[in-house]
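User: I'd like to learn how to read a few features of a protein model, one at a time. Could you walk me through them?

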Amino acid sequence: MLKRRQDYQPPAFLVISVFITIDIKDDATDVTTKLAVRRNPDAAADTPLWLDGQNIELTRLAIDSVELPIGQDMPDGVDVSDHGLSVAGLADEAVVEVQSRCYPQDNTALEGLYLSGGMYCTQCEPEGFRRIGYFPDRPDVMSVFTVRIEASTAFPQILSNGNLIETGAVGADRHFAVWHDPHPKPSYLFAIVVGDLDCVTSPYVTASGRAVDLKIYVEKGNAELTAHAMDSLIRSMRWDEQEYGLEYDLDLFQIVAVSHFNMGAMENKGLNIFNSKFVLADTATATDDDLHRVESIVAHEYFHNWTGNRVTCRDWFQLTLKEGLTVFRDQCFSADMHDAGVQRANDVALLRAAQFPEDRGPTAHPIRPETYKEINNFYTATVYEKGAEVIRMLAGFLGKDGFRKGMDLYFARHDGHAVTCDDFLAAMADANNVNLDGFQGWYQQAGTPQLRVRRHAGDDVSQLLLSLSQQIPDTAAQTPRNALPISLRLAFLDQQGKIVPTRLATDAAAQDEHVILLTEEHLEQRIYAPQAANLTPSILRNFSAPVVVDDDLSPDERRHIMRYDTDLFNRWDSAQTLVSDEILAIAADPQAAVNSDRIAALADGVSHILDDPNCLDYFKAAIVTLPAISVLESRMKPADPVALFNARLAFEAALAQQLHGHYQAALDPKKSAQLADTAGGRALLNRLLALAVAAGDAQADERAMAHVLDSNMTVSQGALAAVNNRPTVVRESVLSAFHDRWQDNALVLEKWFSFESMSCISGRIERLQELMQHPAFDPKNPNKLRVVLGAFMSGNPVRFYAEDGSGFEFIAGCLIDIDKRNPQLAARMALPLTRIGAYSEQRQQQMRTVLKTVQAAAQSNDLSEVIDKALV
Ligand SMILES: [Zn+2]
């Protein structure tokens, strides 16, 4: 059923408190929810109480301690369906007790209560609680939870939200624990974990001096892999105190790592549950990028304690209220912990690779969607990453202090409540006494705006006329296409590469940088400076708005920006544009010779950066990292991912020839060892090795073989990346050396799986089938499916988009199978197959044919919704 944002109705009853008992036995789990309910004065009178319940069996019902018959003899006014329980005629205050049964051991959807690696755990966001017990499973019903969990003593740990208030034995071989969470919360933040786990603890004292116990629970034997996650947690807690004055509010904060998990992690109040991949990490088993990801996910989930948990969403259409804001907060945290410019480049690279394609495809939606069938399908890059960009623009517009004032007012007004994106904007506007109505458009409209920038001569050389216009593209979402407020940061460089102060008509004095808010479709902006007409503009500095820029800069001017701009993001972005231009030229005419003059000019600019002692190694590595295929696709019509992939390989080889002198560092053991000392150095070392392999350098093979055996995982994985798509003789040896070294470590072996699947050389369909028979492959574990099938779709365009359609057919078969076990995952994995419109007639035809097969076989709402949208 299609749900609409406009149809929101407040709940008929509020749940003042709930007492839950969960009795876990091998064959079944019995759950009782005892709710103290009160009629909601904001709802229509006489509306029945509605309790969601799905895939659970109703076994008992009592109202105000009176037992009611269930089944055939159910009294009038009580109705049970597959979706829940409705009770009419209740008094304004009542106690409703509902008992039900569920089967976690058979739950492969990984929503609700399920077994993972021998431990019981839960995932309730967005609508998983209804698979555990009967409850108004909607975020605007916030309640005080107490839970009593009973299980076998084979599971020593019984965990839930809040504080542990009682434990005890039940007979010889069972025990129980009672947890109470004093903070009212919606059911989606409820969690339990029952298992036999190792625990690592650390003390923490908040800014105001309150002691908190931090605990990380992991499967037996993994305790030594938690130090980085713990350290990240402590730094996150400190950062939130310093930046926003926000302290943790319970005596205990727990993180549990589980191996079967659909998402990255979940911010349940006081009991975060993590995909083990984002907890367990040290430098021997995880790359520097993995370690960064652990840090940023730990921070993200912790930050939700205030932006999400204390103030939550009124309904799921408001998801970006908590996600966009919290992604923005975790991005700022990461920028503070590391190099801000490189962090910004990484965030934007992700936005362009994952969110921009969403805007172009059949599932396009605004950051706050207007309709959905299955909310699981809206945990998207649009809601998260674009949502964060919108918050960033607001923060940029209000300034650091203004944004903080807005946040303070947001918490002062809404702490303990479930609110909307409008409430957030209102707090920001009221705290700063400004009108932010224009920003509403960013919440209402889908699509990536195009910002066109053209230069025209002014009256004389001291003037430059900038003509700015925005265009909102048509999307599958069919949302309005009004002009949006677009924040444009702008500066100008002279011929020596120095930033020149310039003046707008409205400025009293000249400034190094301007922030122009473009609110109309078109704006003419006059720029004044002694040599204004001869300056090079640095446009959209630090990516000040989530738009695509169409400017009139020449390749020379881009190289100038790349070399001299003080804005690191724009230096990186100019390099990306120049590289993309070359790759696209090769893809357009693969027969033609690579233009060595242009590549030499580009290599010259790159060399300048590689030689610059003032540039960080991380930045140097980013400069020689090539754009993703999905980013390149946006500039080719129809997009040919196979041609683009091959062109990117050809370009890399040609560039590498020109950087011969630079990649030598990766071939010299002594210089390599020096680089390998720091994270930035390792990133650069890996890129240089890849260039050496791409150039066909004879020594590179030997170095790749040595690197794969390095004790540092970043260096080791760098060897895999360098050889994976190159027909070098050592490719197979490098991959099997990695496999043999890590075959007993399931988490590390996931890396090997993904490289095998992504390789245009080995990643044939038959190879994928073999991988899925590998002893370390588990079809019920989403991580394993992602590293084989997900990696194949995103990283192996040559095989996925194969001319004969075999890649599409193979994935379609897998999706049908996955949908039977885990609909949420199937729907997410189907997305690349649904982005039909970008490709050639022949590919579109092939994609439609296999999608129809999937559509006919799809069993879930999740999968049907995304396929139906693609086949419209
Ligand atoms: Zn989140």
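Analyst: Gladly! Keep in mind that this is a predicted model. Let's start with helix packing. The general idea is that two packed helices are described by the angle between their axes and the distance between the axes.

User: At what angle do the axes of α19 and α20 cross, and within what distance do they come?

Analyst: Helix α19 covers residues 731-742 and helix α20 covers residues 746-758; their axes cross at roughly 155° and come within 9 Å. Angles over 145 degrees count as roughly antiparallel, and α19 and α20 are therefore roughly antiparallel to each other. The crossing in which α19 passes α20 is left-handed. On the α19 side, the contact is made by R731, L735, F738, H739 and W742, while α20 brings V748, L749, K751, W752, F755 and E756.

User: How do the residues of the contact of α19 with α20 divide into nonpolar, polar and charged?

Analyst: Seven are nonpolar, one is polar and three are charged.

User: Now α2 and α3, please. What is the angle at which they pack?

Analyst: About 135°, with the axes of α2 (residues 288-303) and α3 lying 9 Å apart. That angle makes α2 oblique to α3. The handedness of this crossing is right-handed. The contact is made by E295, S296, A299, H300 and F303 of α2, together with E323, T326, V327, R329, D330, F333, S334 and M337 of α3. Sorted by type, the residues of this contact are five nonpolar, four polar and four charged.

User: Why do residues three or four places apart in a helix point the same way?

Analyst: An α-helix has 3.6 residues a turn, so residues three or four places apart point the same way.

User: How does the end-to-end distance of α3 agree with the span its residues should give?

Analyst: Helix α3 runs over residues 319-337, and at 1.5 Å a residue its 19 residues should span 27 Å. The C-alpha atoms at its ends are 27 Å apart, which agrees.

User: How many residues of α3 are buried?

Analyst: The count is 17 of its 19 residues, and α3 is mostly covered.

User: What covers the buried residues of α27?

Analyst: The cover includes β23 (371-372), α24 (806-821), α25 (823-834) and α26 (841-857). The buried residues of α27 (residues 861-870) are D862, L863, E865, V866, I867 and A870.

User: Last topic: backbone angles. Which residues does the cis peptide bond with omega near -5° join?

Analyst: That bond runs from E125 to P126, and P126 lies in the loop between β11 (119-123) and β12 (143-152). A cis peptide bond also joins K637 and P638, with omega about -10°. P638 is in the loop between α12 (629-633) and α13 (641-658).

User: What is phi of D64 near?

Analyst: Phi of D64 is near 50°, a positive value in a residue other than glycine. D64 is in the loop between β5 (57-63) and β6 (66-68), and D64 is partly exposed at a relative accessible area of 39%. For Q478, phi is near 55°, again positive in a residue other than glycine. Q478 is in the loop between β26 (463-471) and β27 (486-493), and at 59% relative accessibility Q478 counts as exposed.

Terms used
Residues are numbered from 1 along each chain as its sequence is written. This is a predicted model: local features need pLDDT of at least 70, side-chain atom pairs count only at pLDDT 80 or more; totals for chains, interfaces and linings use all residues. Side-chain values use heavy atoms; hydrogens and water are left out. Axes are lines fitted to C-alpha atoms, for helices over the stretch in contact, and angles run from 0 to 180 degrees between N-to-C directions. Helices (H or I, at least four residues) and strands (E, at least two) are DSSP runs, numbered from the N terminus. Angles under 35 degrees count as roughly parallel, over 145 as roughly antiparallel, 65 to 115 as roughly perpendicular and the rest as oblique. A crossing is left-handed if the near helix is turned anticlockwise from the far one by less than a right angle, and right-handed if clockwise. Contact means heavy atoms within 4.5 Å. Ala, Val, Leu, Ile, Met, Phe, Trp, Tyr, Cys and Pro count as nonpolar, Asp, Glu, Lys and Arg as charged, and the others, Gly among them, as polar. The expected span of a helix is 1.5 Å times one less than its number of residues. Buried means under 20% relative accessible area, exposed over 50%, partly exposed in between (1.4 Å probe, protein chains only).
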